[in-house]
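Colleague: Please take a close look at a single part of this model, and then follow what surrounds it. Plain words will do.

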Amino acid sequence: MASATLEKLRAGVRDVPDFPKKGIVFKDITPILSDPALFHASIDLFLERCRGKKIDKIVGIDARGFLFGSTVAYELGIGFVPIRKRGKLPYKTEIAKYSLEYGTAEMEVHVDAMMAGDQVVMVDDLLATGGTSAAAAALIRKVGGKLLEAQFLIELEFLSGRKQIEPTPVISFLKY
Ligand code: AMP
């Protein structure tokens, strides 16, 4: 994608200091979602990375990963699987724990969300410490999927989150 488009996307990310708590600079992607050209361009970034790969499912991470991931799945004509924070999925689930700055949290996926051997690409808006994505990667494997690649619109490189996911390839489009 042209670097001018990437710069427009970067300009569409709004920094919100001290949200959800003091010291965190929240990368707000809602200005991208609400601008048709930017939303389109963001989806195209994921699509370009997916073309030519044999992908059975896109997995999106609660909650902004659903917005990008489900649109990408729709465009590719393949299925979408949500990985959710614990307590939201109604059927039988597999659960993975992960560390937060304070304490732990849990993510869930339905046990029958994919077929054994399904080739999967994971999509989220942002890679920070990588704890969420590492838990999601573990869940994908638990329910029989093969994680081909993890894709993020934004990567906070200084947090080194990709180390939690590698050697699975990690792709991000806007690096900070
Ligand atoms: P982590 O597990 O630390 O990689 O956090 C990743 C998850 O938390 C993603 O689903 C992001 O949407 C969210 N997140 C973490 N840090 C930020 C941030 N600075 N701005 C926006 N979202 C964030």
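**A loop and its surroundings**

Modeller: P20 sits in the loop between strand 1 (14–17) and strand 2; helices (H or I, at least four residues) and strands (E, at least two) are DSSP runs numbered from the N terminus. The model is predicted, so local features need pLDDT of at least 70 and side-chain atom pairs need 80 or more, while totals for chains, interfaces and linings use all residues. Residues are numbered from 1 along each chain as its sequence is written, and side-chain values use heavy atoms, with hydrogens and water left out.

The peptide bond between F19 and P20 is cis, with omega about -5°. D18 belongs to the loop between strand 1 and strand 2 too, and its phi is near 60°, a positive value in a residue other than glycine. Most residues other than glycine have a negative phi, and most peptide bonds are trans. D18 counts as partly exposed, at 40% relative accessibility; buried is under 20%, exposed is over 50%, and partly exposed lies in between (1.4 Å probe, protein chains only).

K27 is buried because its relative accessible area is 10%. Its side chain makes a polar contact of 2.7 Å with the side chain of D15. Such a contact is a pair of N or O atoms within 3.5 Å; within protein one must be able to donate a hydrogen and the other to accept it, and sequence neighbours count only if both atoms are side-chain atoms. Leaving out residues up to four places away in sequence, K27 touches V13, R14, D15, L126, I154, L156 and Y176, where contact means heavy atoms within 4.5 Å.

Strand 2 also takes part in the largest pocket: strand 2, strand 5, strand 6, strand 7 and helix 5 each supply at least two residues of its lining. A pocket is found on a 1 Å grid over the protein atoms alone, as an open set of points where a 1.4 Å probe fits, with protein on both sides within 12 Å along at least five of seven lines; lining residues have an atom within 4 Å of a point. There are 31 lining residues, and F26, L100, L126, A128 and T132 lie nearest the centre. Strand 7 gives the largest share, four residues.

Seven strands form an open sheet in the order 5-6-4-3-7-8-9, with mixed pairing; two strands pair if DSSP finds at least two bridges between them. Strand 5 (93–99) and strand 9 (170–175) are at the edges with a single partner strand each, so one side of each has no neighbour in the sheet. On average, neighbouring strands of this sheet are turned by 20° against each other, direction ignored; axes are lines fitted to C-alpha atoms, for helices over the stretch in contact, and angles run from 0 to 180 degrees between N-to-C directions.

Seven bridges join strand 5 to strand 6, and the two run antiparallel. They form a hairpin with four residues between them, and in the turn G103 has a positive phi of about 80°. Across from K97 stands E106 in strand 6. Five of the seven residues of strand 6 are buried, so the strand is largely enclosed by the rest of the structure. Two bridges pair strand 6 with strand 4, in the antiparallel sense, and R84 has E108 of strand 6 as its bridge partner.

Further along, strand 3 (residues 57–61) pairs with strand 7 (residues 119–127) in the parallel sense over four bridges. The bridge partner of G60 is V123 in strand 7.

Helix 5 (residues 131–142) lies across strand 3, strand 4 (79–85), strand 5, strand 6 (104–110), strand 7 and strand 8 (146–155), and runs at about 155° to strand 5. In strand 5, S99 is exposed, with a relative accessible area of 52%. The C-alpha atoms of S99 and T132 are 8.2 Å apart, although 33 residues separate them along the chain.
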